[in-house]
Amino acid sequence: MWALLVSFFLFALYCVAVIFAIRAAQTARTPQGAVGWVVFLLSAPMFGVPFYLFLGHHRFAGYRIARQESERVVEGIKTFADYSKPDPDTMRINPRPFEALAHLPVSRGNGAELLINGDATFKSILDAIDTAKNYVLIQFYIVRDDDLGRKVQDRLIAAVKRGVHVRFMTDAVGSYGLPTSYLDKMREAGVDVANPRKQRGPNFRFQLNYRNHRKTVIVDGETGFIGGHNIGVEYLGQSRRFGNWRDTHIRMTGHMVRQLQLIFCEDWHWARSEDLIDQLDWAGSESDQDMNALLVATGPGDDTETGAMMFFSAITEAKERLWIASPYFVPDIDIMTALQHAALRGVDVRILVPDVIDHRLPWLAAFAYFDDIRDCGARVFRYTDGFMHQKVFVVDDTLAAVGTTNLDNRSFRLNFEAMALFFDARAANAAAAMLETDFSSSYELTRTLPQQPIYIRFGAPLARLFAPIL
């Protein structure tokens, strides 16, 4: 009897694996992903089927971003067409691919201030919250109930007591360890909280592989922040495991703050089914810096590969310099080819990654790509002064980007991300100067994969097999 039941279970399991394999072949975003899932499901269905249930969704079909659901948001997007358009003579790069991906136009009248590391970032954010008069919109992927988390909590509650409307949102997976008491305290004080454990978004169901990785703060529609920091003391360099934490945020002013605000409205609409358009300020003011800029938000709810296409568009525009800082380097074939081609064209291609291990699998997989890109003339630098977590790239002296997108498949295809793009020499040179300092705290990788320690030599090719789902 038991033998019959076991045989039936194995037969049913293999049938499910075949069905999932067919679905993966039809819906996977990349050929590598399709092959990887098909091989995994058919060769090891006992492990492949449960993994596919949680990790195998290739598009977030259930996520209808507010641009599609809310007519008011659609109208909000259209109003940006009336904002100050850049003078074509000041644009030394073709903005059309980026505008198409963002569904928003590049505008003039923007300002930027690089915030290097946690102390500068959270001082600026907390100061902005303290000056809020009407509202604060705040969203982080990770929020911890530690000294920094409680400090942010106290400032938000203090803002509510001044009559400021505070809306707070975090990701259910990223903030899995955040106690409900943290959210309850803010809610009881009057903070408008989108409960991550009750919202429509990816939670504990079979879509938890999707994450909202954005880190956004908006004050009164006038000041905005985005970058790599989350709310936790490790981002202030207070972790015993990581020590110094190298990260970058950016403080923005001008029209792009309203673009970032629009993205927050989309996420809030998804989480709460509430339209914020009429409750926020969309007029705002322009910055004296008068930079051309654009906010590009990407995610698995989009019809096209917006994350990868944004990087591809930037790489193909590079003529002299392409510097990229990312904690993870697990590119797909298209991005890898674009990087190699840029290096072959004579572009100064530099990839800055951490030497310290955060997540072992993507750290290991990166070694399987380094030789190929270095053979074309690119240079790889490994940051040694603690853990480097920033997401920054610079193209020539024409484009600088700071935000939340890593150079890996997860950011390209599974996470909701956002990058602030500045089409301005001042921003590009400021970001380049920052990266020059980081290069001085790094060493250039010269050893090939066969020269690496045995666990890297044999582990990197195996880890690369998981690249489509990392």
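Figure 1. Helices (H or I, at least four residues) and strands (E, at least two) are DSSP runs, numbered from the N terminus. This is a predicted model, where local features need pLDDT of at least 70, side-chain atom pairs count only at pLDDT 80 or more, and totals for chains, interfaces and linings use all residues. Residues are numbered from 1 along each chain as its sequence is written, and side-chain values use heavy atoms, with hydrogens and water left out. Of the 470 residues, 60% are buried (under 20% relative accessible area, 1.4 Å probe, protein chains only).

**Figure 2. Helix α12 (residues 333–344) meets helix α13 (residues 360–375).** Their axes, which are lines fitted to C-alpha atoms over the stretch in contact, come within 8 Å and cross at roughly 30°. That makes α12 roughly parallel to α13 (angles under 35 degrees, on a scale from 0 to 180 degrees between N-to-C directions). On the α12 side, look for M336, L339 and Q340; α13 brings Y369, D372 and I373. Contact here means heavy atoms within 4.5 Å.

**Figure 3. Helix α13 also meets helix α16 (residues 454–464).** This time the axes come within 7 Å and cross at roughly 100°, so the two helices are roughly perpendicular (65 to 115 degrees). From α13 the contact takes in residues including R360, W363, F367 and D372, and from α16 it takes in Y455, I456 and R464, among others. By class there are 12 nonpolar, 1 polar and 3 charged residues; Ala, Val, Leu, Ile, Met, Phe, Trp, Tyr, Cys and Pro count as nonpolar, Asp, Glu, Lys and Arg as charged, and the others, Gly among them, as polar.

Note on methods
Angles under 35 degrees count as roughly parallel, over 145 as roughly antiparallel, 65 to 115 as roughly perpendicular and the rest as oblique. Buried means under 20% relative accessible area, exposed over 50%, partly exposed in between (1.4 Å probe, protein chains only).
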